[in-house]
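Q: Could you take me through one part of this model in some detail? I would like to look at the salt bridges and at what surrounds them.
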Amino acid sequence: MSAALAHARIAEQGGDVPVGAVVVKDGVVIARAENRTVRLQDPTAHAELLAIREAAAALGSWRLEGCTLYVTLEPCAMCAGAIVLARLDRVVFGAWDDKAGMVGSVGDIVRHPRLNHRAEVTGGVLRDECGDLLRRFFRDRRDAATI
């Protein structure tokens with residue numbers, strides 16, 4: 001999760017919402033990314049999707065069985081769908097997202113009983129540090145808008 005946090009800080013420096021993600025296989029980081037939606041002007045450039053793409057390229061396979069995704073914020077519906085499609089074994093996230101989280105908060109796509117794959121989920125890892133980074137980012141943006 002520390003590596004994901006480092007990438008979240010990179011996203012923040014680039015003006016993006018500070019979310020970072022890494023994919024680990026056999027204890028080795030094989031992919032890492034941060035949100036790049038603003039920098040790329042791409043609504044799909046979430047940290048999770050970029051890390052999943054990089055992991056698939058590194059393994060030469062779209063099936064990421066045996067891999068764990070670490071991400072600083074609970075994944076949204078789009079990213080949760082990609083997690084299922086990529087067959088990731090496990091998702092570990094930091095801050096819960098009560099507005100858009102689809103790995104237990106608003107819904108639970110990655111463990112939906114009707115889907116062909118279900119990932120193991122661990123939420124709340126370093127949640128205070130992950131959440132503080134997000135809260136500060138949005139507070140600073142609100143403060144800048146009122147100046």
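To begin with, is aspartate 132 buried, partly exposed or exposed?

A: Aspartate 132 counts as partly exposed, at 41% relative accessibility; here buried means under 20% relative accessible area, exposed over 50%, and partly exposed in between, with a 1.4 Å probe and protein chains only. A word on the source: this is a predicted model, in which local features need pLDDT of at least 70 and side-chain atom pairs count only at pLDDT 80 or more, while totals for chains, interfaces and linings use all residues. Residues are numbered from 1 along each chain as its sequence is written, and side-chain values use heavy atoms, with hydrogens and water left out.

Aspartate 132 has a charged partner. Its side chain meets that of arginine 135 in a salt bridge, 2.6 Å from N to O; the term stands for a side-chain nitrogen of Lys or Arg within 4 Å of a carboxyl oxygen of Asp or Glu. In general, side chains of opposite charge can pair when their charged atoms come close. Helices (H or I, at least four residues) and strands (E, at least two) are DSSP runs, numbered from the N terminus.

The structure holds 10 salt bridges. Shared partners join Asp16, Glu34, Arg36 and Arg39 into one network. Within that group, glutamate 34 and arginine 39 meet through their side chains at 3.7 Å, N to O. Glutamate 34 is buried, with a relative accessible area of 6%, whereas arginine 39 is partly exposed at 37%.

Another salt bridge links two strands. Arginine 90 pairs with glutamate 120, their closest N and O atoms being 3.4 Å apart. Arginine 90 lies in strand E4 (residues 90–95) and glutamate 120 in strand E5 (residues 120–122), so the pair ties together parts that are 30 residues apart in sequence. Both ends are partly exposed: arginine 90 has a relative accessible area of 25%, and glutamate 120 is at 48%.

Those two strands belong to an open sheet of 5 strands, in the order E2-E1-E3-E4-E5 with mixed pairing; two strands pair if DSSP finds at least two bridges between them. Strand E2 (28–34) and E5 stand at the edges, each with a single partner strand, so one side of each has no neighbour in the sheet. From one strand to the next the twist averages 15 degrees, where axes are lines fitted to C-alpha atoms and angles run from 0 to 180 degrees between N-to-C directions. Strand E3 (residues 67–73) pairs with E4 in the parallel sense over 5 bridges, and leucine 69 has valine 91 in E4 as its bridge partner.

Back to helix H5 (residues 127–145): with 7 residues, this helix gives the most to the lining of the largest pocket. That pocket is an open set of points on a 1 Å grid over the protein atoms alone, where a 1.4 Å probe fits, with protein on both sides within 12 Å along at least five of seven lines; lining residues have an atom within 4 Å of a point. The largest pocket holds about 650 Å³ of space, a volume being the space filled by probe spheres set on the points. Of its 25 lining residues, the closest to the centre are Leu73, Trp96, Asp97, Leu134 and Phe138.
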